[in-house]
Structure formats: C-alpha cells, structure tokens
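Welcome! Please take a look at the model below, and then we can walk through some of its side-chain contacts together.

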Amino acid sequence: MQLLNHLIHSAKKNPARIVVCEAEDPRILTAACRAHQHGLAYMTLVGNTAAIHQLATEHYLDIQDLIIEDPATSEKRTELEQALLARRAHKGMTAEKAQHALDDPLCFGTMLTHCGYADGAVAGAIYSTADVVRSALQLIGKAPEASLVSSFFLMFLDKDHHPTRSGVIFTDCGLVIDPNEEELAAIAIAAAENARYLLNVEPRIAMLSFSSGGSAQHPAVTKVIQAAQRVKAALPGVAIDEDVQFDAAIIPEISVKKLKNSQVKGQANVFVFPNLDAGNIGYKIAERLGGATAIGPLLQGLAKPINDLSRGCSTEDVYCVIAITSLQAHMRKNTT
C-alpha cells in the first residue's frame with residue numbers, strides 16, 4: 001500500500017525509542033522484532049525475560065539486539081518507583097503501592113517513557129483501551145498546549161471505488177463520548193496537527209453534521225458550528241467547513257450543490273465527528289464495507305505518545321502503530 005509505505009519510510013528516517021508493554025504476546029514480539037530489524041524504531045520489550053526468550057525461540061525470532069526490561073529484575077526499578085511516587089503522591093500513592101504498581105508491565109513501560117528511557121509506548125493487545133488511556137493520563141499526562149486527550153484513526157483510501165486515493169483522519173472515534181463545543185474544537189485542532197505531520201498535507205477540516213451550511217437547525221448542529229468557529233480562530237487560514245454532511249465533505253460535485261461557499265470544496269482530509277456514536281460507527285463502516293484501511297485508535301493530546309491497540313490486532317497492525325508512534329515522538333520533540 002503506497003500511502004502506508006510512505007509513512008513507514010518516513011519513520012525509518014529518524015527512528016525513535018519505542019517500548020512495547022506486552023512483549024509476551026507473539027503478535028507484539030514479532031512486530032517489535034520486525035520494527036527493530038527494519039530500522040523503524042529502537043525497541044524495548046517489557047515482560048518476563050525467560051518467557052520472552054522462550055516465545056522468541058518458538059517463533060524463530062532473533063531478539064539479541066533488543067532491550068528487555070523485566071519488571072521483576074530491572075536495574076531501573078528503584079528509579080521508576082521513586083518517579084511514580086513523586087508523580088502520584090498527591091493521589092495517595094505510597095512507596096508500597098508504587099512497588100506493587102510497577103509489577104504491572106503496562107505501568108512499568110509507561111514509566112520508562114515518563115522517565116525518558118523511551119520516546120513512546122504501545123499497548124492494548126492484551127490490556128483494554130480504558131487501561132491504556134488511564135495509564136497514559138496518570139503517568140504521562142496531557143501536553144501543555146492540550147485541553148484534553150482524544151483519539152483518531154488514520155484511514156487509508158486506496159481502492160478503485162474510493163472517491164479519493166489518499167490518507168485521511170477520522171476523529172474522535174474511540175475516546176471522547178459526547179464532546180462539547182470547546183472539546184470538539186480541541187479534537188479538530190489536534191487532528192489538524194496530525195494531518196500536517198503524519199500525512200504531510202495541509203489540513204482541510206470537515207466538521208461533520210446531518211446539516212450542511214445551516215440546512216437544519218438543532219442544538220447538535222449549533223454545537224458543531226460553534227466548535228468550527230473556535231477552530232477558525234485558533235487556526236486562521238486553515239480551510240474548514242462549519243457544518244457539513246459527509247458526502248459534501250468528500251465529493252466536490254456534491255459540495256458545489258450543498259455548500260456553495262465551502263472552503264474545503266469536497267476535498268476534506270480531516271473528518272471531525274460530532275460524537276463517539278457517529279465516529280465509531282463511521283470508521284467501522286468505512287473499514288468493513290468501504291474497504292478502507294484503519295490504523296488506530298491513536299491518541300492525541302499527550303505529553304509523549306502512548307498508543308492503543310485493538311485486542312484483535314494483527315502483527316501488521318502493531319508494526320504500523322509502532323511506526324506512527326515513532327513519528328509522533330519526533331512531532332512532540334519538534335513542538336516543545
């Protein structure tokens with residue numbers, strides 16, 4: 001797939017240090033080995049050392065050049081315990097609780113990232129999205145410029161029937177259930193930054209609705225319009241349609257008919273859904289019926305990238321998320 005390959009090639013130009021928190025899973029271990037061998041990222045494996053070596057033997061994987069951090073034996077454990085205590089003391093964390101928490105590979109891997117031993121982390125093949133997001137929020141926290149953490153999917157449209165051959169962003173499809181206008185604007189602004197950096201395009205934002213250009217009046221439409229106005233104020237010069245139906249956002253001929261004063265002109269590359277119902281349903285329809293390749297959910301708004309995986313993910317999915325996490329790590333460094 002040309003578009004996805006371009007993204008992977010970009011990650012290889014400047015590989016970051018990425019930790020995987022579920023290295024005892026064969027999908028994770030295989031993807032981590034492949035990413036390391038291909039020069040995609042410098043990989044750290046978190047898990048039981050003996051179990052990881054046994055799994056590598058069973059799957060004929062060469063892991064001799066990869067770093068293994070076993071929470072039970074790591075030389076970094078004392079440092080991480082002290083850092084965790086300092087980070088969470090205001091929430092009742094004690095030295096004893098910190099010692100117990102770091103037995104968990106997700107906590108351990110996230111703290112490696114927090115303490116600067118990794119630039120980003122990937123988890124979610126075993127852990128739930130709630131676990132991954134909670135760990136990221138508590139141990140990494142929001143980026144200074146971010147008002148909330150949200151999610152997005154990279155959607156790759158490369159089939160003959162797709163109206164455009166491109167990569168686009170769908171947001172928020174996995175985290176914020178019912179954003180208010182301020183939150184919806186923050187989601188759009190973060191997604192625009194990801195479009196510019198990950199897809200190397202100038203963002204063209206469609207604030208999706210069942211209304212186009214005020215064709216319907218409802219509080220749900222008003223929320224989208226007011227959110228769009230906040231985005232315009234924050235990102236002057238970026239093309240954005242205030243309230244637009246999906247067909248008018250992606251088909252130029254329909255845009256002309258439904259939204260004569262459109263800035264996006266049916267060529268959106270950032271699609272902002274009004275709530276999680278619409279976003280989650282929308283990306284799955286695009287993937288399962290439309291044949292789009294969906295990578296995510298990816299998190300945006302964190303101080304350092306921590307990305308979630310679907311528990312049904314494939315090795316290829318993990319490999320792609322490692323690539324994106326590596327790119328996000330450098331994006332964070334370039335904006336701080």
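Which residues form one aromatic cluster? They are Phe170, Phe246, Phe271 and Phe273. Rings of Phe, Tyr and Trp (its six-membered ring) pair if their centres lie within 6.5 Å; planes under 30 degrees apart count as stacked, over 60 as edge-to-face and the rest as tilted.

A word on the model itself: it is predicted, so local features need pLDDT of at least 70 and side-chain atom pairs count only at pLDDT 80 or more, while totals for chains, interfaces and linings use all residues. Residues are numbered from 1 along each chain as its sequence is written, and side-chain values use heavy atoms, with hydrogens and water left out.

**Aromatic rings**

Searching the whole structure gives 5 aromatic pairs. Phe153 and Tyr283 make a stacked pair, with 3.8 Å centre to centre and 20° between the planes. Phe153 belongs to strand β5 (residues 150-157) and Tyr283 to helix α12 (residues 276-288), so this pair ties together parts that are 130 residues apart in sequence. Helices (H or I, at least four residues) and strands (E, at least two) are DSSP runs, numbered from the N terminus. Phe153 is buried at 2% relative accessible area, and Tyr283 is buried at 11%. Here buried means under 20% relative accessible area, exposed over 50%, and partly exposed in between (1.4 Å probe, protein chains only).

**Salt bridges**

A search of the whole structure finds 13 salt bridges, each being a side-chain nitrogen of Lys or Arg within 4 Å of a carboxyl oxygen of Asp or Glu. The table shows some of them.

| Pair | N to O distance |
|---|---|
| Arg34 and Glu316 | 2.7 Å |
| Glu181 and Arg230 | 3.1 Å |
| Lys258 and Asp247 | 2.9 Å |

Arg34 is partly exposed at 27%, and Glu316 is partly exposed at 36%. Arg34 also lies over the face of Tyr319, at 3.8 Å from the ring centre; this calls for NZ of Lys or CZ of Arg within 6 Å of the ring centre and within 35 degrees of the ring normal. Elsewhere, Arg77, Glu81 and Asp103 are linked in a salt-bridge network.

**A buried arginine**

Arg88 is buried yet has no salt bridge, and the nearest side chain of opposite charge, Asp104, is 12 Å away. Lys and Arg count as positive and Asp and Glu as negative; His and the chain ends are not counted. Leaving aside residues up to four places away in sequence, Arg88 touches Met93, Gln138 and Leu139, where contact means heavy atoms within 4.5 Å.
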